[in-house]
Amino acid sequence: MSRLIRMDQTGHTTLAEWTEEDGEAVQAALVAFRAQLDEGYFAVVSRGEGHAEQVQELPLDEPLVILRRPIAGG
Amino acid sequence: MLASTVAGSQPRSTGLPELASVYWRPRATQRSLRRTGRLWTLSTISQTVPFVITAVLLGALKPITLPVGLILLAHAWIIPELYAARGANVVTPRGAGAPAAEERAMLLLGDLIGHQARELYARTGLVQERGELGVWLLGEAGALLLPPAGRRVYCLCVKATDPKLPVADRVAHLLLALRSDESGFATLANLAFSGARWRLRRRLRAPAREALDHVVTTTRANRGAASRGA
(Lines give C-alpha, C1' and ligand atoms only; values in the text may rest on other atoms or scores of the structure.)
Protein backbone atom coordinates (compact mmCIF):
# COMPACT_ATOMS: atom_id res chain seq x y z
CA MET A 1 0.00 0.00 0.00
CA SER A 2 1.46 3.35 -1.06
CA ARG A 3 0.69 6.60 0.74
CA LEU A 4 0.63 10.25 -0.17
CA ILE A 5 1.12 12.43 2.89
CA ARG A 6 1.34 16.15 3.41
CA MET A 7 3.39 17.79 6.15
CA ASP A 8 1.14 20.39 7.72
CA GLN A 9 0.12 21.99 11.01
CA THR A 10 -1.33 18.72 12.30
CA GLY A 11 2.03 16.95 11.94
CA HIS A 12 1.05 15.22 8.75
CA THR A 13 -2.11 14.26 6.90
CA THR A 14 -2.60 11.18 4.75
CA LEU A 15 -4.22 12.40 1.54
CA ALA A 16 -4.37 9.15 -0.39
CA GLU A 17 -3.57 5.47 -0.16
CA TRP A 18 -3.40 3.16 -3.15
CA THR A 19 -2.15 -0.01 -4.71
CA GLU A 20 -1.22 -0.05 -8.37
CA GLU A 21 -4.00 -2.57 -9.09
CA ASP A 22 -6.71 -0.36 -7.59
CA GLY A 23 -7.53 2.03 -10.44
CA GLU A 24 -10.04 4.05 -8.45
CA ALA A 25 -7.63 4.65 -5.58
CA VAL A 26 -4.87 5.53 -8.03
CA GLN A 27 -7.11 8.05 -9.76
CA ALA A 28 -8.01 9.64 -6.41
CA ALA A 29 -4.32 9.79 -5.47
CA LEU A 30 -3.44 11.44 -8.78
CA VAL A 31 -6.14 14.07 -8.31
CA ALA A 32 -5.02 14.78 -4.72
CA PHE A 33 -1.38 14.93 -5.80
CA ARG A 34 -2.04 17.41 -8.61
CA ALA A 35 -4.21 19.59 -6.35
CA GLN A 36 -1.45 19.84 -3.75
CA LEU A 37 1.17 20.71 -6.36
CA ASP A 38 -1.14 23.41 -7.66
CA GLU A 39 -1.33 24.77 -4.11
CA GLY A 40 2.43 25.17 -4.03
CA TYR A 41 3.56 21.97 -2.33
CA PHE A 42 6.59 20.03 -3.56
CA ALA A 43 6.58 16.24 -3.67
CA VAL A 44 9.55 14.24 -2.43
CA VAL A 45 10.40 10.57 -2.20
CA SER A 46 13.04 9.81 0.43
CA ARG A 47 15.53 7.04 -0.23
CA GLY A 48 17.42 6.91 3.04
CA GLU A 49 20.35 8.94 4.29
CA GLY A 50 21.67 11.41 1.75
CA HIS A 51 19.13 10.59 -0.95
CA ALA A 52 15.72 11.91 -1.89
CA GLU A 53 14.06 12.72 -5.13
CA GLN A 54 11.84 15.63 -6.00
CA VAL A 55 8.99 14.37 -8.20
CA GLN A 56 6.50 16.17 -10.39
CA GLU A 57 4.34 13.17 -11.24
CA LEU A 58 3.01 10.74 -8.69
CA PRO A 59 5.32 7.70 -8.62
CA LEU A 60 2.81 4.91 -8.16
CA ASP A 61 5.44 2.34 -7.26
CA GLU A 62 6.81 4.28 -4.27
CA PRO A 63 5.56 3.33 -0.80
CA LEU A 64 5.65 6.89 0.52
CA VAL A 65 5.39 10.24 -1.23
CA ILE A 66 5.73 13.31 0.99
CA LEU A 67 4.47 16.77 0.22
CA ARG A 68 6.40 19.67 1.67
CA ARG A 69 6.20 23.43 1.67
CA PRO A 70 8.96 25.52 0.04
CA ILE A 71 11.98 26.47 2.10
CA ALA A 72 13.89 29.74 2.00
CA GLY A 73 17.08 31.25 3.33
CA GLY A 74 16.38 33.00 6.61
CA MET B 1 -2.31 10.26 -17.53
CA LEU B 2 -2.10 6.94 -15.78
CA ALA B 3 0.27 5.63 -18.40
CA SER B 4 2.71 8.41 -17.69
CA THR B 5 2.96 7.59 -14.00
CA VAL B 6 3.55 3.88 -13.98
CA ALA B 7 6.67 2.53 -12.35
CA GLY B 8 9.93 3.70 -13.80
CA SER B 9 8.48 6.14 -16.31
CA GLN B 10 7.89 9.23 -14.14
CA PRO B 11 9.66 12.38 -15.15
CA ARG B 12 11.75 13.19 -12.06
CA SER B 13 13.34 16.55 -11.54
CA THR B 14 16.71 17.32 -10.08
CA GLY B 15 17.49 20.45 -8.13
CA LEU B 16 15.46 22.38 -5.63
CA PRO B 17 12.69 24.44 -7.25
CA GLU B 18 13.35 27.11 -4.61
CA LEU B 19 16.65 27.91 -6.30
CA ALA B 20 14.68 30.03 -8.77
CA SER B 21 14.38 32.63 -6.00
CA VAL B 22 18.19 32.93 -5.78
CA TYR B 23 18.99 32.45 -9.48
CA TRP B 24 21.96 34.83 -9.29
CA ARG B 25 23.88 32.67 -6.81
CA PRO B 26 26.40 30.21 -8.21
CA ARG B 27 25.85 26.66 -7.01
CA ALA B 28 27.67 25.84 -3.79
CA THR B 29 30.52 23.36 -4.03
CA GLN B 30 33.23 22.31 -1.58
CA ARG B 31 35.55 24.73 -3.34
CA SER B 32 33.12 27.67 -3.25
CA LEU B 33 32.38 26.98 0.41
CA ARG B 34 36.09 26.98 1.23
CA ARG B 35 36.46 30.27 -0.61
CA THR B 36 33.46 31.75 1.21
CA GLY B 37 34.95 30.61 4.51
CA ARG B 38 38.28 32.26 3.76
CA LEU B 39 36.56 35.46 2.69
CA TRP B 40 34.56 35.42 5.91
CA THR B 41 37.77 35.08 7.92
CA LEU B 42 39.44 37.87 5.93
CA SER B 43 36.46 40.12 6.49
CA THR B 44 36.53 39.43 10.23
CA ILE B 45 40.26 40.11 10.37
CA SER B 46 39.81 43.37 8.49
CA GLN B 47 37.27 44.43 11.09
CA THR B 48 39.27 43.44 14.16
CA VAL B 49 42.90 44.16 13.24
CA PRO B 50 42.46 47.96 13.08
CA PHE B 51 41.28 47.89 16.71
CA VAL B 52 44.31 45.84 17.74
CA ILE B 53 46.76 48.03 15.84
CA THR B 54 45.24 51.20 17.25
CA ALA B 55 45.36 49.79 20.78
CA VAL B 56 49.03 48.83 20.42
CA LEU B 57 49.98 52.17 18.86
CA LEU B 58 48.14 54.14 21.51
CA GLY B 59 49.80 52.11 24.26
CA ALA B 60 53.25 52.62 22.74
CA LEU B 61 52.87 56.33 22.10
CA LYS B 62 50.93 57.33 25.21
CA PRO B 63 50.82 54.72 27.95
CA ILE B 64 48.20 56.83 29.71
CA THR B 65 45.73 55.73 27.00
CA LEU B 66 45.94 52.14 28.22
CA PRO B 67 42.27 52.04 29.29
CA VAL B 68 41.22 53.17 25.79
CA GLY B 69 43.51 50.51 24.34
CA LEU B 70 41.85 47.86 26.49
CA ILE B 71 38.43 48.96 25.25
CA LEU B 72 39.67 48.69 21.67
CA LEU B 73 41.02 45.19 22.32
CA ALA B 74 37.69 44.23 23.83
CA HIS B 75 36.02 45.41 20.62
CA ALA B 76 38.42 43.30 18.59
CA TRP B 77 37.45 40.26 20.68
CA ILE B 78 33.73 40.97 20.70
CA ILE B 79 33.26 41.30 16.92
CA PRO B 80 33.99 37.63 16.05
CA GLU B 81 32.12 36.56 19.19
CA LEU B 82 29.02 38.38 17.98
CA TYR B 83 29.29 36.68 14.60
CA ALA B 84 29.62 33.31 16.33
CA ALA B 85 26.55 34.09 18.45
CA ARG B 86 24.65 34.86 15.26
CA GLY B 87 25.82 31.53 13.86
CA ALA B 88 24.74 29.66 16.97
CA ASN B 89 21.33 31.25 16.70
CA VAL B 90 20.48 29.27 13.55
CA VAL B 91 20.10 26.12 15.64
CA THR B 92 18.37 27.75 18.59
CA PRO B 93 14.91 26.22 19.22
CA ARG B 94 12.07 28.56 18.25
CA GLY B 95 9.29 26.95 20.28
CA ALA B 96 7.10 23.91 19.85
CA GLY B 97 3.56 23.75 18.53
CA ALA B 98 0.61 21.72 19.81
CA PRO B 99 1.78 18.51 21.52
CA ALA B 100 -0.40 16.23 19.38
CA ALA B 101 0.92 17.76 16.16
CA GLU B 102 4.50 17.58 17.43
CA GLU B 103 4.07 13.91 18.27
CA ARG B 104 2.63 13.16 14.84
CA ALA B 105 5.37 15.12 13.09
CA MET B 106 7.97 13.32 15.17
CA LEU B 107 6.66 9.95 13.93
CA LEU B 108 7.26 10.99 10.34
CA LEU B 109 10.69 12.43 11.03
CA GLY B 110 11.57 9.27 12.94
CA ASP B 111 10.67 7.21 9.87
CA LEU B 112 12.98 9.32 7.71
CA ILE B 113 16.10 9.00 9.82
CA GLY B 114 18.11 6.11 11.23
CA HIS B 115 18.21 4.88 14.80
CA GLN B 116 21.33 6.85 15.81
CA ALA B 117 20.07 10.08 14.24
CA ARG B 118 16.75 9.56 16.04
CA GLU B 119 18.50 9.24 19.39
CA LEU B 120 20.60 12.32 18.74
CA TYR B 121 17.50 14.29 17.73
CA ALA B 122 15.69 13.24 20.90
CA ARG B 123 18.59 14.52 23.01
CA THR B 124 19.56 17.63 21.09
CA GLY B 125 16.76 18.63 18.70
CA LEU B 126 19.20 18.37 15.79
CA VAL B 127 19.28 15.77 13.03
CA GLN B 128 22.63 14.54 11.78
CA GLU B 129 22.91 13.88 8.05
CA ARG B 130 26.01 12.98 6.07
CA GLY B 131 26.41 14.54 2.66
CA GLU B 132 28.99 15.21 0.00
CA LEU B 133 29.85 18.61 1.46
CA GLY B 134 30.33 17.27 4.98
CA VAL B 135 28.24 16.37 7.99
CA TRP B 136 25.11 18.43 8.55
CA LEU B 137 23.28 19.17 11.76
CA LEU B 138 19.76 20.28 10.94
CA GLY B 139 17.61 22.31 13.27
CA GLU B 140 14.20 23.81 12.73
CA ALA B 141 15.45 27.09 11.27
CA GLY B 142 18.96 26.41 10.09
CA ALA B 143 21.84 24.04 9.81
CA LEU B 144 25.47 23.60 10.76
CA LEU B 145 27.82 22.14 8.17
CA LEU B 146 31.08 20.52 9.21
CA PRO B 147 33.24 19.94 6.13
CA PRO B 148 35.21 16.68 5.91
CA ALA B 149 38.55 18.39 6.55
CA GLY B 150 39.59 21.20 8.83
CA ARG B 151 38.13 22.74 11.92
CA ARG B 152 35.80 25.20 10.29
CA VAL B 153 32.04 25.19 10.65
CA TYR B 154 29.42 26.91 8.52
CA CYS B 155 26.18 28.14 10.06
CA LEU B 156 23.40 28.38 7.50
CA CYS B 157 20.07 30.04 7.98
CA VAL B 158 17.28 28.25 6.09
CA LYS B 159 13.75 27.31 7.06
CA ALA B 160 10.34 26.13 5.93
CA THR B 161 8.19 29.03 4.82
CA ASP B 162 5.15 27.91 6.83
CA PRO B 163 5.79 29.15 10.40
CA LYS B 164 2.88 27.15 11.86
CA LEU B 165 4.44 23.77 11.18
CA PRO B 166 5.43 21.61 14.15
CA VAL B 167 9.14 21.60 14.97
CA ALA B 168 9.81 18.06 13.70
CA ASP B 169 8.07 18.90 10.42
CA ARG B 170 10.24 21.97 9.98
CA VAL B 171 13.30 19.79 10.47
CA ALA B 172 11.87 17.20 8.06
CA HIS B 173 11.37 19.94 5.46
CA LEU B 174 15.05 20.81 5.64
CA LEU B 175 16.08 17.16 5.67
CA LEU B 176 14.11 16.30 2.53
CA ALA B 177 15.36 19.38 0.72
CA LEU B 178 18.93 18.57 1.71
CA ARG B 179 18.58 14.98 0.54
CA SER B 180 17.03 16.09 -2.75
CA ASP B 181 19.78 18.52 -3.64
CA GLU B 182 22.59 19.13 -1.16
CA SER B 183 24.43 21.67 -3.26
CA GLY B 184 21.17 23.50 -3.98
CA PHE B 185 20.34 23.47 -0.26
CA ALA B 186 23.70 25.07 0.55
CA THR B 187 23.16 27.60 -2.23
CA LEU B 188 19.70 28.57 -1.03
CA ALA B 189 20.67 28.96 2.62
CA ASN B 190 22.07 32.24 3.91
CA LEU B 191 25.43 32.10 5.62
CA ALA B 192 25.20 33.40 9.18
CA PHE B 193 28.72 32.50 10.29
CA SER B 194 31.79 30.65 9.12
CA GLY B 195 34.70 30.16 11.44
CA ALA B 196 36.43 28.06 14.03
CA ARG B 197 34.43 25.28 15.65
CA TRP B 198 35.70 26.24 19.12
CA ARG B 199 34.40 29.76 18.70
CA LEU B 200 30.95 28.58 17.69
CA ARG B 201 30.88 25.84 20.32
CA ARG B 202 31.17 28.37 23.15
CA ARG B 203 28.07 30.16 21.86
CA LEU B 204 25.86 27.10 21.35
CA ARG B 205 23.25 25.98 23.85
CA ALA B 206 24.17 22.79 25.70
CA PRO B 207 22.12 20.36 23.53
CA ALA B 208 23.50 21.79 20.28
CA ARG B 209 27.00 21.66 21.76
CA GLU B 210 26.43 17.99 22.51
CA ALA B 211 25.36 17.39 18.90
CA LEU B 212 28.43 19.20 17.59
CA ASP B 213 30.72 17.18 19.86
CA HIS B 214 28.99 13.99 18.76
CA VAL B 215 29.63 14.76 15.09
CA VAL B 216 33.26 15.66 15.73
CA THR B 217 33.83 12.48 17.76
CA THR B 218 32.15 10.13 15.30
CA THR B 219 33.85 11.76 12.31
CA ARG B 220 37.22 11.38 14.03
CA ALA B 221 36.46 7.75 14.91
CA ASN B 222 35.35 6.97 11.34
CA ARG B 223 38.47 8.60 9.94
CA GLY B 224 40.63 6.60 12.34
CA ALA B 225 38.89 3.35 11.38
CA ALA B 226 39.28 4.17 7.68
CA SER B 227 43.00 4.90 8.02
CA ARG B 228 43.55 1.69 10.02
CA GLY B 229 41.68 -0.25 7.32
CA ALA B 230 43.78 1.29 4.51
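In the hairpin formed by S1(A) and S2(A), six residues lie between the strands, and A:Gly11 adopts a positive phi near 110 degrees. The structure described here is a predicted model.

We turn next to the meeting of the two chains. Contacts link 31 residues of chain A with 45 residues of chain B. On the side of chain A that touches chain B, two or more residues come from each of helix H1 (23-38), S3, strand S4 (52-55), strand S5 (64-68) and strand S6 (71-73) of chain A. S4(A) supplies the largest share of that side, with four residues. By residue class, the side of chain A that touches chain B comprises 14 nonpolar, eleven polar and six charged residues.

Strand pairing also crosses from one chain to the other. S6(A) runs antiparallel to strand S5 (residues 152-160) of chain B, and three bridges join them. Here A:Gly73 is found opposite B:Val158 of S5(B).

Five residues of H3(B) are buried, namely B:Ala101, B:Ala105, B:Met106, B:Leu109 and B:Leu112. Because these buried residues fall within an arc of 135 degrees when H3(B) is seen down its axis, they line one face of the helix. Such a pattern can be read against helix geometry: an α-helix has 3.6 residues a turn, so residues three or four places apart point the same way. The other side of H3(B) carries the exposed residues B:Pro99, B:Ala100, B:Glu103, B:Leu107 and B:Asp111. Among the elements covering the buried residues of H3(B) are strand S3 (42-46) of chain A and helix H5 (167-180) of chain B.

B:Asp213 belongs to helix H8 (residues 206-229) of chain B. Its C-beta has 14 C-beta neighbours inside 10 Å, and B:Asp213 therefore counts as partly exposed, since a residue is exposed at 12 or fewer and buried at 20 or more. Between the C-alpha atoms of B:Asp213 and B:Gly139, which are 74 residues apart along the chain, the separation is 16 Å.

Note on methods: Residues are numbered from 1 along each chain as its sequence is written. Chains are lettered from A and ligands numbered from 1 in the order in which they are written. This is a predicted model: local features need pLDDT of at least 70, side-chain atom pairs count only at pLDDT 80 or more; totals for chains, interfaces and linings use all residues. The arc is that of the directions from the helix axis to the C-beta atoms. Two residues are in contact if their C-beta atoms, placed from the backbone, lie within 7 Å. Two strands pair if DSSP finds at least two bridges between them. Ala, Val, Leu, Ile, Met, Phe, Trp, Tyr, Cys and Pro count as nonpolar, Asp, Glu, Lys and Arg as charged, and the others, Gly among them, as polar.
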